[in-house]
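This briefing is meant to be read beside the sequence and the 3D view.

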Amino acid sequence: MTIYLSGIHYETDANFIQSLKRQLLNLGCTIVNPDEKLHDRLGWSKSLTHRLSLILESDTIYMLPKWKDSTTARIELTAAMKEKKNLCFSIDDIKNLITTLDG
């Protein structure tokens, strides 16, 4: 399962992100972190276009705790809902989704 991380905020704790990544990798997930894709070098609209293409390639969108503070994350959530992507707001949501998909 490919999981897109949405809502990384400048105040997001790096230790939280690393712990989350470890947990997701241990669950067998592939992680797409748009903030590791050099979006700072792109203009805002090109960055957003690229982020939306990454969402299309992902199975699930993981909304990080402070996603509501980010205009980009709110746009990403809207796009994910439009595309009927799985939405998760906690690691337990991911675990439940994996259990459901495994049947």
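Thr72 is found in helix 3 (residues 71–82), where helices (H or I, at least four residues) and strands (E, at least two) are DSSP runs, numbered from the N terminus. The model is a predicted one, in which local features need pLDDT of at least 70 and side-chain atom pairs count only at pLDDT 80 or more, while totals for chains, interfaces and linings use all residues. Residues are numbered from 1 along each chain as its sequence is written, and side-chain values use heavy atoms, with hydrogens and water left out.

**Thr72 and its surroundings**

- With a relative accessibility of 18%, Thr72 counts as buried, a word that stands for under 20% relative accessible area, whereas exposed stands for over 50% and partly exposed for what lies in between (1.4 Å probe, protein chains only).
- Once its neighbours within four places in sequence are set aside, Thr72 is in contact with Trp44, Leu48 and Arg51, contact being heavy atoms within 4.5 Å.

**Helix 2**

- Helix 2 (residues 44–57) has 14 residues, which at 1.5 Å a residue should span 20 Å, and its end C-alpha atoms are 20 Å apart, in agreement; the expected span is 1.5 Å times one less than the number of residues.
- Ser47, Leu48, Arg51, Leu54 and Ile55 are the buried residues of helix 2.
- These buried residues fall within an arc of 120° when seen down the axis of helix 2, so they line one face of the helix; the arc is that of the directions from the helix axis to the C-beta atoms.
- Lys46, Thr49, Leu56 and Glu57 are exposed on the face of helix 2 turned away from its buried side.
- The cover over the buried residues of helix 2 includes strand 1, strand 2 (30–32), strand 3 (60–63) and helix 3.

- Helix 1 (residues 14–26) has 13 residues and reaches 18 Å from its first C-alpha to its last, close to the 18 Å expected at 1.5 Å a residue.
- Ile17, Leu20, Lys21 and Leu24 are buried in helix 1, and because they cover an arc of only 100° around the axis, they are on the same side of helix 1.
- Asn15, Arg22 and Asn26 are exposed on the other side of helix 1.
- Gly28, whose phi is positive, near 85°, follows helix 1.
- Glu11 lies in the loop between strand 1 (2–6) and helix 1, and at 45% relative accessibility Glu11 counts as partly exposed.

**Cysteines**

- The structure holds 0 disulfides, a disulfide being a pair of cysteine sulfur atoms within 2.5 Å.
- Cys29 is in no disulfide, and the nearest cysteine sulfur, that of Cys88, is 8.9 Å away.
- Cys29 is buried, with a relative accessible area of 5%, and Cys88 likewise counts as buried, at 2% relative accessibility.

**The protein as a whole**

- The protein has 4 helices and 4 strands, and from the N terminus on its elements run β-α-β-α-β-α-β-α.
- The radius of gyration is 13 Å, which agrees with the value near 13 Å of a compact globule with 103 residues; the radius is taken over C-alpha atoms, and the globule rule is 2.2 Å times the number of residues to the power 0.38.
- Of the 103 residues of the protein, 39% count as buried.
- Among the contacts in the protein with a separation of 6 or more, 73% come from residues 24 or more positions apart.
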